[in-house]
Each structure stands twice: as structure tokens, then as C-alpha cells.
Amino acid sequence: MLIYYTAGESHGRGIFAFVDGLPAGLRVDRGLMDAALARRQGGYGRGPRMKIEKDQVDVLSGIRGGYTLGSPVILAVWNKDYEDWREFMNPWEIRKGRELFTPRPGHADMAGAGRFRHKDLRNVLERSSARETAGRVAAAGLVLALLRDLGIGVHSWVCAIGTQRYDGGYDRDKTRSSSVYCPNEAATRAMENLIDEAASQGDTLGGEFRVVIDGLPAGIGVPGQWDSRLDTMISASLMSIPGIKAVQIGSGVLSAGVPGSLLHDEILATIPVSRASNNAGGIEGGISNGEPIVVTCTMKPIPTLKKGLRSIDIRDGHACRAEYERSDCCAVPAASVVGEAMVVIAVARAVLNDFSMPNMEALKAAFEAHRTYTEGR
């Protein structure tokens, strides 16, 4: 089983990812990891910290000569901003001056204080910060090499920011050249304008992004247990991203208003077998059906506002305004990169659940045999 965890604080020494369960002999592409981290730092509406950090992956264990050893991999993304925070984040003695006592509505501050009994909310926000997602993206850049070796592709794009929507398809070059990762020039400009307007008012914007998985054959996912279903693994991974409030697979909420005769994807007598539509989003009964997997995620506006919302001071409960902590105006483009990363990890976990092999040679042979069978059935 593929296992991964992250560790680290937003202004600590770094963000770390622990990945275990990868087969030996996987050719690791450092460029994939660093490119994904660079995309995560981009996007119109990002805050000033992105000018400080230039994220790159440092491998601490599990890789030798560019190949996985079959042992646990530990990755580090060092925080350059730590130099300015060293005295405030020291593990043993900390300097006063960076405490936070007014919880920000929409953040984990108040809920985290209730759970951990922290008196200084910085102890909550340092871990709940979206900076943690750098570890996820680094881990996914490692795992993506495995999916590519198996002929599986994953891509994402932004389809809405605020009230501005784009309902078209994916174009890699146009998405990569867009400041908001939307493959449409007119929609990109309109989204930029919305972000500028929100920023000028000290406000923030949310939106939607879509992730598509191509090349995954039918039969991946275990329907017998709830946590091994492919749709469970994908949706749970995406809901774990800070700020994500909804995950839809295929037609999602639109399915409720369509008769079954028009919704369900008819099976065509072709070789390989195909569908007349893909409203199921590539998953039926918790198992991949051979069609592209399509997932749409909704992200709320970032809750750190320059004009702080009403809150309290947790020291004595008196009413006040939430303090402003350096933040973005809109992070939907960055979230699309994190969403892509989480889908990479979820799909790789599902594949390795079904094909538990100690090395890449054996994994590729077993996976290709399965693909040949499902495409010829």
C-alpha cells in the first residue's frame, strides 16, 4: 500500500513528505517535482510570500542514482522565510511578538484552539496553513513518474473564479500560459479583473477547478469496502485540501435533475468497449470503467481578509476584529495544482492496492496484462 504523510510548519524550517510503498526501480524525475512546485507557487492573485520562496525538492532518503530503492522516501521543501522567523519558531525558546489571539473566521484558528487548548493561535495556523500543501505536491511529483510509466496522465485547469466561468475543455499550452491556469484567453482576462477588483477592496475570491485522469483502464478500485472504492479515495483526498468545500465526479450535482434514461452512459459494441457519454465521470460502483475520470472541486474564498471580520480575543472574550496575516487574494490556480497532486496520489494508491509488486518491472508487466484484458474484453 502506498502511504504518505507530511510534516512541518508554515514558518518552520521546511515542509516534509514521507512516502512509503513505492516499488523499487522507479526512475525519478526531479524536474517533475520542481515544475509542479513552481506551478503551485504561481497563479494570479498570490500573495507576497511567493516572491520569497523558490521551492525545490531535497531528497533525504529512499532514492539513489535517480531510482527508488523500495524503502521509505523522505522529501524536504525548505522554507527560506524561516530565516526571518527563526527566533519565533525555535523548538526550545521563542521570542515574543508573533502571537495571535484573535481567531479568523473561516480558518482553523478557533476550532484548533478548542481541540488542542492552545492559548496562542499561531500554534494552530502554522500547521493548518496551505503552505503544508508544498509537501503534497512534492510527493505527487515523485508518484507521477509511476503513473506515467503505466501510461496514465493527469491534468487540471481552472473553470471558475468568482462569478466568471469557463465551461470548455482542456488545452495544455493555453492552460500553462494562462495567469489563472484557465485555457481561454477571454476568461483569463475576466478572471484577472475580478481578482483585481476584490484585491482593491481587501476581499478574496474562490472558484472551481477540474482534474481529469486519462489512460486508467477499467477495473481499478475495490468496491467491497468503503475506503477502497476509487471514488472514495479520490474525493477524500481532494476534500483534505484547505479551502475545498465540494467535490463532484462526472455530472455531479447536475445528475439529480436528469432522468436515468438520459444520464447513464450507454455501452457501445466497439473494440475496445466505449461509452456514448461520460456522465459517470469514469467511475461506476467505485471502480474505474475505462473512460476518463473527471472531478470538479469547489474552493471557498480565502478567509484571511485585510478588513478583518468580527471575532473575539480568546484571552478575555471581548469583541474585536480578526487580525490580518499575510495571505493571497485568490488561490484557486494554486489549488488546481494541489488537486492534481492529490488525484495523482489517490490513483497511484488504488493501482498499487490492486497490483502489489516489489519492483517496477513486475508492476508494469502485471498492469499491462490487465490493460490488454480489459481493452479486449
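Start with the aromatic pairs: the count comes to four. Rings of Phe, Tyr and Trp (its six-membered ring) pair if their centres lie within 6.5 Å; planes under 30 degrees apart are stacked, over 60 edge-to-face, and the rest tilted. The model is predicted, so local features need pLDDT of at least 70 and side-chain atom pairs pLDDT 80 or more, while totals for chains, interfaces and linings use all residues. Numbering runs from 1 along each chain as its sequence is written, and side-chain values use heavy atoms, with hydrogens and water left out.

**Stop 1: two ring pairs**

Select tryptophan 85 and phenylalanine 88. Their rings form an edge-to-face pair, 6.1 Å centre to centre with 70° between the planes. Both residues sit in helix H2 (residues 82-89), three apart, so about one helical turn separates tryptophan 85 from phenylalanine 88. Helices here are DSSP runs (H or I, at least four residues) and strands likewise (E, at least two), numbered from the N terminus. Tryptophan 85 and phenylalanine 88 are both buried (under 20% relative accessible area; exposed is over 50%, partly exposed in between; 1.4 Å probe, protein chains only).

Next, select phenylalanine 355 and phenylalanine 367. The ring centres are 5.6 Å apart and the planes stand at 75°, so this pair is edge-to-face. Phenylalanine 355 lies in the loop between helix H10 (332-354) and helix H11 (360-376), and phenylalanine 367 lies in helix H11, so the pair ties together parts 12 residues apart in sequence. Both phenylalanine 355 and phenylalanine 367 are buried.

**Stop 2: charges over rings**

Go to arginine 315. Its charged end sits over the ring of phenylalanine 101, 3.9 Å from the centre. The rule asks for NZ of Lys or CZ of Arg within 6 Å of the ring centre and within 35 degrees of the ring normal. Then select arginine 27, whose charged end sits over the ring of tyrosine 67, 5.2 Å from its centre.

**Stop 3: backbone**

Most residues other than glycine have a negative phi, and most peptide bonds are trans. Select isoleucine 271 and proline 272: the peptide bond from one to the other is cis, with omega near -5°. Proline 272 is in the loop between strand S11 (267-268) and strand S12 (274-275).

Arginine 117 has a positive phi of about 65°. Look for arginine 117 in the loop between helix H3 (109-116) and helix H4 (122-128). Arginine 117 is exposed, at 61% relative accessible area.

Finish at tyrosine 181, where phi is also positive, near 65°. Tyrosine 181 is in the loop between helix H6 (172-177) and helix H7 (185-200). At 10% relative accessibility, tyrosine 181 counts as buried.
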